[in-house]
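Visitor: Hi, could you walk me through this one?
Guide: Happy to, let's take a look together.

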Amino acid sequence: MSNEVKLHQSWLEPLKAEFESPYMQALRSFLVDQKASGKRIFPKGSEYFRALDLTPLQEVRVVILGQDPYHGPDQAHGLCFSVQHGVRPPPSLVNIYKELQSDLGIPRPTHGHLEHWARQGVLLLNSVLTVEMGQAASHQGKGWERFTDAVIAQVNKRSDPVVFMLWGSYAQRKAAFVDAERHLVLKAPHPSPLSAHNGFFGCRHFSKANAFLESRGMQRIDWALPDGQEGQPRLLA
């Protein structure tokens, strides 16, 4: 990967076998070769595992699955659907905000930076964790999918219930093995403008997630995003 790689220590032991496996060594070599040939890779190396750095395994309460990082400059920073400050929220994220407003009455945020969610236990996990600039899906099939399957499996093994928000057929196939008797599995079409009107709008996943968490004696997620650079989350009582 990169000498700068960072992730929370709670993931290190559970994922040790993955990091030491031949497929991850091959993925590491692929990324090194890509960079050596002058290709720009997003996000930067220190943010490949940003989702696992901000959200410790034992604190995961909600999982949202994406597919690939954004491939435009200054967009991707290691959290699915999220973009860096100063970047206009992409269309799918705009639709997520529309549903959030419809569901919980939360005004649409002025930015697309979702770190506030991640710090509260929302694992914002892409299936593939890197991409070449301007080349959508360019790092699919290189090993990331196997690694992120292992991440989901670790969350699935937890005894504490977790909410899985599976938007679109890709996410639903990827997490098909999740134990729906122990965890809450919410399914809807992808929030892309191509499919959001087919059932994503009106799915009310945010309120359903909070109702489930509270019913299990857990704290709900504060889905409202603060303006500007986020600090520590404002937890709801």
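Visitor: Where does Pro 43 lie?
Guide: Pro 43 lies in the loop between strand S1 (41-42) and helix H3 (50-54). Helices (H or I, at least four residues) and strands (E, at least two) are DSSP runs, numbered from the N terminus. This is a predicted model, where local features need pLDDT of at least 70 and side-chain atom pairs count only at pLDDT 80 or more, while totals for chains, interfaces and linings use all residues. Residues are numbered from 1 along each chain as its sequence is written, and side-chain values use heavy atoms, with hydrogens and water left out.

Visitor: Which kind of peptide bond joins Phe 42 and Pro 43?
Guide: A cis one, with omega at about -10°. For background, most peptide bonds are trans, and most residues other than glycine have a negative phi.

Visitor: Speaking of phi, what is it for Asp 74?
Guide: Phi of Asp 74 is near 65°, a positive value in a residue other than glycine. Asp 74 sits in the loop between strand S2 (62-66) and H4.

Visitor: And is Asp 74 buried or exposed?
Guide: Asp 74 counts as exposed because its relative accessibility is 52%. The cut-offs are under 20% relative accessible area for buried, over 50% for exposed and partly exposed in between, using a 1.4 Å probe and protein chains only.

Visitor: What about Arg 204, what is phi there?
Guide: Near 55° for Arg 204, again a positive value in a residue other than glycine. Arg 204 belongs to the loop between strand S6 (184-188) and H8, and is partly exposed, with a relative accessible area of 44%.

Visitor: Let's switch to H4. How many residues does H4 have?
Guide: Helix H4 (residues 91-104) has 14 residues. From its first C-alpha to its last, H4 reaches 20 Å, close to the 20 Å expected at 1.5 Å a residue; that expected span is 1.5 Å times one less than the number of residues. Just after H4, Gly 105 takes a positive phi of about 75°.

Visitor: Which residues of H4 are buried?
Guide: They are Ser 92, Leu 93, Asn 95, Ile 96, Tyr 97, Glu 99, Leu 100 and Asp 103. What covers them includes helix H5 (115-118), strand S5 (163-167) and helix H8 (205-215).

Visitor: At what angle do H4 and H8 pack?
Guide: About 60°, with their axes 8 Å apart. Axes are lines fitted to C-alpha atoms, for helices over the stretch in contact, and angles run from 0 to 180 degrees between N-to-C directions. H4 and H8 are therefore oblique to each other; angles under 35 degrees count as roughly parallel, over 145 as roughly antiparallel, 65 to 115 as roughly perpendicular and the rest as oblique.

Visitor: Which residues make that contact of H4 and H8?
Guide: H4 supplies Ile 96, Glu 99, Leu 100, Asp 103 and Leu 104, and H8 supplies His 205, Phe 206 and Ser 207. Contact here means heavy atoms within 4.5 Å.

Visitor: Nice. Last topic: what does Asp 68 touch?
Guide: Asp 68 touches Asn 126, Val 128, Ala 137 and Gln 140, leaving out residues up to four places away in sequence. Asp 68 is found in the loop between S2 and H4. The C-alpha atoms of Asp 68 and Phe 81 are 9.2 Å apart in space, and the two residues are 13 residues apart in sequence.
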